[in-house]
Amino acid sequence: MRAVTIQTFGDPAGLAVVDLPAPVPAAGQVLIAVEAIGVSGADAMIRRGTLDGYGFRPGHVPGSEVAGVVTAVGGGVDGSWLGRRVWAFTGLSGGYAQQAVAPVGEILPLPGGLSAAAAVTLGSSGVVAHFALAHARFAAGESVLVRGAAGSIGITAVQLAAAAGAGAVAVTTSSARRGERLRELGATHVLDRAGTVGRAGAGADAPDHYDVVLDIVAGPDLPSFLGRLAPNGRLVAVGAIAGPPPADFGMTLFAAFQRSLSFGTFSADTVPLTDRQAVRAEQFAAAGRGELRTVVHEVLPLAQAASAHRSMDAGEVFGRIVLTP
Ligand SMILES: NC(=O)c1ccc[n+]([C@@H]2O[C@H](COP(=O)([O-])OP(=O)(O)OC[C@H]3O[C@@H](n4cnc5c(N)ncnc54)[C@H](OP(=O)(O)O)[C@@H]3O)[C@@H](O)[C@H]2O)c1
């Protein structure tokens with residue numbers, strides 16, 4: 001089968017199309033004929049070598065999220081999965097290929113009306129958005145700021161917060177065009193990356209302070225977003241696209257003692273699998289009905305994985321790039 005491997009870590013040019021033997025499903029696994037592959041920020045971080053402490057080696061097949069048809073099952077797996085179209089989490093490897101294996105507990109049938117491309121755009125990120133809002137104890141009527149809203153996590157978080165009756169849904173983004181697209185998805189206020197007014201006047205009526213800040217970016221500017229929390233406000237870090245915050249971040253939080261602020265990190269890994277799968281199934285059904293929108297930035301052939309990663313590195317992606325084998 002055709003697959004893409006990381007031959008050298010760093011530049012996207014280190015990605016290569018190769019022929020590999022098709023994987024064989026082990027006990028508890030299914031084999032999937034892949035129709036769509038989601039290209040995630042984690043894939044890019046692995047390819048850049050940012051996560052070399054995790055022991056990734058040359059020859060690694062990246063990709064963790066695919067959708068397609070179950071073509072074989074391993075020992076102990078119900079044969080009724082055969083022929084079904086599913087979304088699957090393949091772990092930290094194996095997704096960039098024509099065939100992939102996944103644990104049967106990490107697959108979910110695709111409802112009618114949901115394309116494979118839409119499924120790999122929503123499958124992982126939607127669950128993160130849902131449980132991150134819950135982790136922040138977000139409640140109807142409260143104001144939310146989503147920092148780094150133009151990715152697939154933020155796009156879903158904006159929609160979920162708006163649908164749940166947020167008093168305001170502000171977003172940070174780098175361009176007016178992206179701001180307009182986020183407004184179409186439910187954002188009420190568009191700010192620049194610093195969280196201040198973007199285009200002249202565009203966010204002038206935005207709240208100064210928010211009950212919840214959902215932060216996908218982190219990096220050196222994270223402390224300033226503590227200053228955007230209302231009393232009793234909660235900032236939840238969901239990602240670290242811009243790297244870790246400064247070492248004295250904790251002191252900024254402590255200095256705001258009298259405003260009763262809370263800071264937390266959130267990883268979907270801490271949510272029980274059954275809860276993740278239940279929310280994912282609800283979100284897939286909502287997306288199939290058109291009630292939850294998925295944003296596919298571009299669909300590219302698997303052989304153009306390097307081009308997809310170049311777009312990621314250049315910050316050009318709104319939503320998610322999908323590869324097709
Ligand atoms: N917590 C979890 O369980 C979990 C699960 C999966 C992934 N993640 C993490 O989530 C992150 C990826 O999320 P995603 O795919 O939704 O995001 P993404 O598509 O990688 O990025 C979202 C947006 O952030 C903005 N951005 C990028 N660099 C920035 C910077 N230096 N400063 C300010 N804004 C910046 C960009 O929008 P603009 O150009 O419009 O500003 C970008 O489109 C990764 O850190 C990944 O590790 C977390």
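Ala 168 is found in strand β9, which covers residues 168-172, where helices (H or I, at least four residues) and strands (E, at least two) are DSSP runs numbered from the N terminus. The structure is a predicted model, in which local features need pLDDT of at least 70 and side-chain atom pairs count only at pLDDT 80 or more, while totals for chains, interfaces and linings use all residues. Residues are numbered from 1 along each chain as its sequence is written.

Ala 168 is partly exposed, because 19 other C-beta atoms lie within 10 Å; a residue is buried if 20 or more other C-beta atoms, placed from the backbone, lie within 10 Å of its own, exposed if 12 or fewer, and partly exposed in between. Leaving aside neighbours within four places in sequence, Ala 168 is in contact with Ser 143, Thr 188, His 189 and Pro 207, and two residues are in contact if their C-beta atoms, placed from the backbone, lie within 7 Å. Tyr 210 is 42 residues away from Ala 168 along the chain, and the C-alpha atoms of these two residues are separated by 8.5 Å.

## The whole chain

The secondary structure of the protein chain comes to eight helices and 15 strands. Along its principal axes, the C-alpha trace of the protein chain spans about 60 × 40 × 35 Å. The radius of gyration, taken over C-alpha atoms, is compared with a globule rule of 2.2 Å times the number of residues to the power 0.38; a compact globule of 325 residues would have a value near 20 Å, and the 20 Å of the protein chain agrees with this.

Buried residues make up 46% of the 325 residues in the protein chain. Among contacts between residues at least 6 apart in sequence, 67% join residues at least 24 apart.

## Two domains

The domain assignment gives domain 1 (2-123 + 271-324) and domain 2 (137-265), with bounds that come from an automatic or database domain assignment. The C-alpha centres of domain 1 and domain 2 lie 28 Å apart. Nine residues of domain 1 are in contact with 11 residues of domain 2, and the residues on the domain 1 side divide into four nonpolar, three polar and two charged. In this scheme, Ala, Val, Leu, Ile, Met, Phe, Trp, Tyr, Cys and Pro count as nonpolar, Asp, Glu, Lys and Arg as charged, and the others, Gly among them, as polar.

## The largest nonpolar core

A nonpolar core is a set of buried Ala, Val, Leu, Ile, Met, Phe, Trp, Tyr and Cys residues joined through C-beta atoms within 7 Å. The largest such core has 92 residues, of which Ala 119, Ala 132 and Leu 214 touch the most other members. Helix α2 (residues 116-135) provides the largest share of this core, 12 residues, and the core draws at least three residues from each of domain 1 and domain 2. Leaving aside neighbours within four places in sequence, the contacts of Leu 214 include Ala 132, Leu 133, Val 144 and Val 236.

## Around the ligand

The ligand is surrounded by 29 residues, the closest being Gly 148, Gly 151, Ile 153, Ser 174 and Gly 239; a residue is near a molecule if its C-beta atom, placed from the backbone, lies within 6 Å of it. The elements that give two or more residues to this shell are α1 (41-48), α2 and α3 (152-163). By class, the shell has 13 nonpolar, 14 polar and two charged residues, and at least three of its residues come from each of domain 1 and domain 2.

## Further individual residues

Gln 283 has its place in helix α7 (residues 273-288) and is buried, because 26 other C-beta atoms lie within 10 Å. Not counting residues up to four places away in sequence, Gln 283 touches Leu 122, Gly 126 and Leu 292. Gly 113 lies in the loop between β7 (107-109) and α2 and is exposed, with 12 other C-beta atoms within 10 Å.

Asn 232 has a positive phi of about 70 degrees although it is not a glycine; Asn 232 is in strand β12 (residues 229-237) and counts as exposed, with 11 C-beta neighbours inside 10 Å. Ser 260, another residue other than glycine, has a positive phi near 55 degrees, and its place is in the loop between α6 (249-255) and β13 (262-265).
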